[in-house]
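Please look through the sequence and the model shown here, and keep both in view while reading the paragraphs that follow.

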Amino acid sequence: MTRTIFFPFAEFWQFYLWFVAGVVVVLLLDLGILHKRTEEISFKQALRLSVLWVFLALAYSGWFYWFVRGHFSAHPEVLEPGVTAASKAADFYLQFLSGYVVEKALAVDNIFVFVVLFNFFGIPLKYQHRVLFYGILGALAFRAIFIAAGAVIMSVDWMLWIFGGILILTGFKLFFQDTEEIDLEGSRALKLLRKLIPITAGLRSNRFFVREQGAFMATPLFVALVVVELSDILFAFDSVPAIFALTDEPLIVFTSNIFAVLGLRAMYFLLASVVDKFHCLRFGLAIVLIFVGLKMAILNPMWDGHFPILPSLVFIVLTISASIWASILFPKGGISDKGEGPPEIG
């Protein structure tokens, strides 16, 4: 199977550097200007931020098309016979959009976990932004590691069968998994954390650590941050291979993943109170995961490594849209347990 990487890190490291620098600037603006004070984020604020993050992703995708077209126009010798710079750039543009849409859809599962997690630890809304902000910083670092490792692993053809099979099995598991059954109290990570560091019985304002009675202690806010990081690592096992099923380019996987993660916090505050209403979405996500698993393991090899991206994108968007409409047309009861305060975890 033919697999060509047109934008390897060794040759385009400056692109990655400038992209990461731009992400850092945006995050500093977010922390230092937009959310300098500890306060609740309203629905309107979350909506504006969500629109802003989507706009930035779409603006980048347009610029990326222009960049790719210019690169291939200057180096037509790297293209396959009969392929133009414009058509290749359009293909890469659709690959980015496909990866971005899949990652945004999969992020809804993260949101449900965050809702349960914050209710369990009794984290007020005004402190949730702080946890998610630092959680996303960690998520960006872990995603970069996962994508770098994935680029190496996916270069081995037989690994595509393994990861394709994992995605298919994960998709079937989603059909039968009840996402409301999340046992945080029985979490091994939480039990291990309790053994490693003393934890206060309740919150201490917006602080992650305090010193009380001469002892250095973590607060439930820090525990929530650790669980957020661990949950994102688990979700990355699905989302990163799913995007590699749509594109061979680590650059596209990295940038589409990062844009989706950056918008996760705003999307959480936008959808947290209604995420339980989209009960059919998990079936749509299951179908998407099965499809990308089949694409990775079977369809791509059948099409000499590249199943057409446009029908892939159309299928993904229609499937996710249909599951959202099904949730609206056939509603069910929402999450009833909202938590009455932080548990005694010290």
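**A nonpolar patch and its surroundings**

Helix H5 (157–176) and helix H10 (281–302) each supply at least two residues of a nonpolar patch, where helices (H or I, at least four residues) and strands (E, at least two) are DSSP runs numbered from the N terminus. The patch lies on the surface and is formed by Val156, Trp158, Trp161, Ile162, Ile166, Leu294, Ile298, Met302 and Trp303, which together have about 910 Å² of accessible area. A patch of this kind is made of residues with over 30% relative accessible area and no salt bridge, with nonpolar side chains (Val, Leu, Ile, Met, Phe, Trp, Tyr) joined within 5 Å and like charges within 9 Å; the areas come from the Shrake-Rupley method with a 1.4 Å probe, and for residues only the protein chains shown count as cover. H5 gives the largest share, four residues, while valine 156 is found in the loop between helix H4 (125–153) and H5.

This is a predicted model, in which local features need pLDDT of at least 70 and side-chain atom pairs count only at pLDDT 80 or more, while totals for chains, interfaces and linings use all residues. Residues are numbered from 1 along each chain as its sequence is written, and side-chain values use heavy atoms, with hydrogens and water left out.

Taken as a whole, the protein has 11 helices and two strands, and its elements run α-α-α-α-α-α-β-β-α-α-α-α-α from the N terminus on. Of its 346 residues, 50% are buried, a word that here means under 20% relative accessible area, with exposed meaning over 50% and partly exposed the range in between (1.4 Å probe, protein chains only). The accessible surface comes to about 17000 Å², and 69% of this belongs to carbon and sulfur atoms.

We can now turn to the way two helices pack. Two packed helices are described by the angle between their axes and the distance between the axes. Helix H3 (residues 85–121) and helix H9 (residues 264–271) pack at an angle of about 65 degrees, with their axes 10 Å apart; the axes are lines fitted to C-alpha atoms over the stretch in contact, and angles run from 0 to 180 degrees between N-to-C directions. In the contact (heavy atoms within 4.5 Å), H3 takes part with residues including Lys104, Ala107 and Phe118, and H9 with Leu264, Met267, Tyr268 and Leu271. H9 is mostly covered, since eight of its eight residues are buried.

Which charged side chains pair in this model? The structure holds four salt bridges, each a side-chain nitrogen of Lys or Arg within 4 Å of a carboxyl oxygen of Asp or Glu. The side chains of glutamate 103 and arginine 143 meet in one of them, at 2.8 Å from N to O. This pair links distant parts of the chain, with glutamate 103 in helix H3 and arginine 143 in helix H4, 40 residues apart. Glutamate 103 and arginine 143 are buried, and Glu103, Arg143 and Asp232 are linked in a network of salt bridges.

Lysine 88 forms a salt bridge with glutamate 80, their closest N and O atoms being 3.4 Å apart. Lysine 88 counts as buried because its relative accessibility is 9%, whereas glutamate 80, at 34%, counts as partly exposed.
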